[in-house]
Amino acid sequence: MRILLLLAVSLSSCSSFAYEIEKSMGFGMGYTWTESVFNDPIRTLNGETETPIYSDVTNSSKPFNFYLNFRFHKYYGAELGYINYGKINFNKSLIKTKDNDGSLIESRIREATISLNGVYLSHVLYIPITDTLMLQGKAGMIFGSSEYSDIETLTIVPQDGSVQQPDSSSTNSTYESLSKPQLAAALLYKSTPNSNWRLQLSQLEVSHDGEKETFNQWFTQLSYEIKL
């Protein structure tokens, strides 16, 4: 990464004598989808088995992206921006049963939400196709936060014939700093001499090690940008 940063500084300083730096700003919105991997194992101890069960993963809220572009050379530039990947939603149930007869001992149902957002800086490679179409390849880092919140409902089934107690619920929320590589690819359409439409796909991977969960978040957006 240090080599890439040194290369960026060298290119920008050298190219400034031969190429006027182009600056633009843009805003985009779209939708996200998630590839998830759950590795929480089934646990057996003292004649009891705890089994994790997951629901489908869905996405909510409106993801968006605000950015500034600096084009130092015909084929190279940089992008600085803020991106919100929306929210990841899923339920996790932990079902504990007796091994001898399979009777329920307790269940924990967790309604989980993960929010991802941050500021990023990316290298941008420009690949002209026609006078009005251009490809962009991007690689950089995002610095932000990952908020993990959940509402957990606990149900305990008495094993001694006593009266069952009411369900109890608790709300938990944790923040983790986000410092991750971020990749993107985009197609630019030059609609006027001073404006572009941009169709972009961004990718970010995050992990929740405490629950052995990994999420690969994809964000497809349509943006409009203008030259400054």
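**Figure 1. Charges across the chain.** The mean position of the 18 positive charges of the chain and that of its 24 negative charges lie 12 Å apart. The model shown in this and the following views is a predicted one.

**Figure 2. The chain as a whole, with its one helix and eleven strands.** Read from the N terminus on, the elements run α-β-β-β-β-β-β-β-β-β-β-β. The C-alpha trace spans about 85 × 35 × 25 Å along its principal axes, and the chain has a radius of gyration of 24 Å, whereas a compact globule of 228 residues would have one near 17 Å. Of the 228 residues, 37% are buried. When contacts between residues at least 6 apart in sequence are considered, 71% of them join residues at least 24 apart.

**Figure 3. The largest nonpolar core, which has 16 residues.** Those with the most contacts inside this core are Y85, F90, I114, L116, I142 and L204. Two or more residues of the core are given by each of the strands β6 (76–98), β7, β8 (133–156), β10 (195–208) and β11 (213–227). In soluble globular proteins, nonpolar side chains tend to be buried together.

**Figure 4. The surroundings of L204, a member of the largest nonpolar core.** With its neighbours within four places in sequence left aside, L204 is in contact with Y85, L116 and I142, and also with L178, K180, P181, F215, N216 and Q217. Y85, L116 and I142 are themselves listed, together with L204, among the residues with the most contacts inside the core.

**Figure 5. V124 in strand β7.** V124 is buried, since its relative accessible area of 1% falls under the 20% that marks a buried residue. Apart from neighbours within four places in sequence, the residues in contact with V124 are Y75, Y76, G77, A78, E79, Q136, G137 and K138. L135 is eleven residues away from V124 in sequence, and the two are 9.9 Å apart in space, C-alpha to C-alpha.

**Figure 6. S122 in strand β7, which covers residues 104–128.** S122 has a relative accessible area of 5% and is therefore counted as buried, the limit being under 20%.

How values were computed. Residues numbered from 1 in each chain as written. Predicted model: local features only at pLDDT ≥ 70, side-chain atom pairs only at ≥ 80, totals over all residues. Heavy atoms only, no water. Helix = DSSP H or I, 4+ residues; strand = E, 2+ residues; numbered from the N terminus. Buried < 20%, exposed > 50% of the residue type's maximum accessible area, 1.4 Å probe, protein only. Rg over C-alpha atoms; globule rule 2.2 N^0.38 Å. Contact = heavy atoms within 4.5 Å. Lys, Arg positive; Asp, Glu negative; His and termini not counted. Charge placed at Lys NZ, Arg CZ, Asp CG, Glu CD. Core = buried A, V, L, I, M, F, W, Y, C linked by side-chain atoms within 4.5 Å.
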